[in-house]
Amino acid sequence: MYTLLSGLYKYMFQKDEYCILILGLDNAGKTTFLEQSKTRFNKNYKGMSLSKITTTVGLNIGTVDVGKARLMFWDLGGQEELQSLWDKYYAECHGVIYVIDSTDEERLAESKQAFDMPLDP
Ligand SMILES: Nc1nc2c(ncn2[C@@H]2O[C@H](COP(=O)(O)OP(=O)(O)OP(=O)(O)O)[C@@H](O)[C@H]2O)c(=O)[nH]1
Ligand SMILES: [Mg+2]
């Protein structure tokens, strides 16, 4: 009976959790995208001033609830020395968002190279 009730409770109230990686070069706008998404989808989230966002060293985690799904965003630092950590998170994630600064044409080739790297380490 307990199993039946806990299964019913989980079915009705527990959200499916998905882990989404946010990757891209440093300064591409990953953390800004995450902050904007949290502000847009989390009703009570006040959001931080976008001008206060500084470069991410390591990992920045954000949660967004969309319908019955809970999305756990892992925003990784994009600096060159941190890119080698990206593939460590690949196996654990359900999806990847790759952010490109479309106005930074000089770094487009570098961005493609960084995108290819975790797929072909
Ligand atoms: N104009 C404009 N500026 C943006 C946009 N997205 C990000 N920025 C600016 O670009 C800079 C870098 O943004 P971040 O979100 O810190 O970039 P990041 O990809 O998280 O960088 P790392 O943490 O170093 O990997 C900040 O000064 C942002 O305000 C955008 O859509 N438009
Ligand atoms: Mg960042």
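How many of the twelve residues of helix 1 are buried? I counted zero, so helix 1 lies largely in the open. My cut-offs for burial: buried means 20 or more other C-beta atoms within 10 Å of the residue's own, exposed means 12 or fewer, partly exposed is in between, and C-beta atoms are placed from the backbone.

Ground rules next. The model is predicted, so I note that local features need pLDDT of at least 70 and side-chain atom pairs count only at pLDDT 80 or more, while totals for chains, interfaces and linings use all residues. Residues are numbered from 1 along each chain as its sequence is written, with chains lettered from A and ligands numbered from 1 in the order in which they are written.

**Overall form.** I find five helices and four strands in the chain. Helices are DSSP runs of H or I with at least four residues, strands are runs of E with at least two, and both are numbered from the N terminus. The order along the sequence is α-β-α-β-β-α-α-β-α. The C-alpha trace spans about 60 × 35 × 20 Å along its principal axes. Of the 121 residues, 15% count as buried.

**Helix 1.** This helix covers residues 2-13 and reaches 16 Å from its first C-alpha to its last, close to the 16 Å expected. The expected span is 1.5 Å times one less than the number of residues.

**Ligand 1.** I looked up the 15 residues around ligand 1; Gly-29, Thr-31, Thr-32, Thr-56 and Gly-78 come nearest. A residue is near if its C-beta atom, placed from the backbone, lies within 6 Å of the molecule. By class, the shell holds three nonpolar, ten polar and two charged residues.

**Two annotated threonines.** The unreviewed UniProt entry places a "binding site" at Thr-31 and Thr-56. They are spread over 26 residues of sequence, yet cluster in space, with a largest C-alpha distance of 7.7 Å.

Thr-31 sits in helix 2 (residues 30-41). I class Thr-31 as buried because it has 22 C-beta neighbours inside 10 Å. Thr-56 lies in the loop between helix 2 and strand 2 (59-66). With 18 such neighbours inside 10 Å, Thr-56 counts as partly exposed.

Contacts mean C-beta atoms, placed from the backbone, within 7 Å. Leaving aside neighbours within four places in sequence, Thr-31 contacts Ile-53, Thr-56, Asn-60 and Asp-75.

Notes. Ala, Val, Leu, Ile, Met, Phe, Trp, Tyr, Cys and Pro count as nonpolar, Asp, Glu, Lys and Arg as charged, and the others, Gly among them, as polar. UniProt positions are given in the numbering used here, feature names are shortened, and annotations may be inferred rather than shown by experiment. Two residues are in contact if their C-beta atoms, placed from the backbone, lie within 7 Å.
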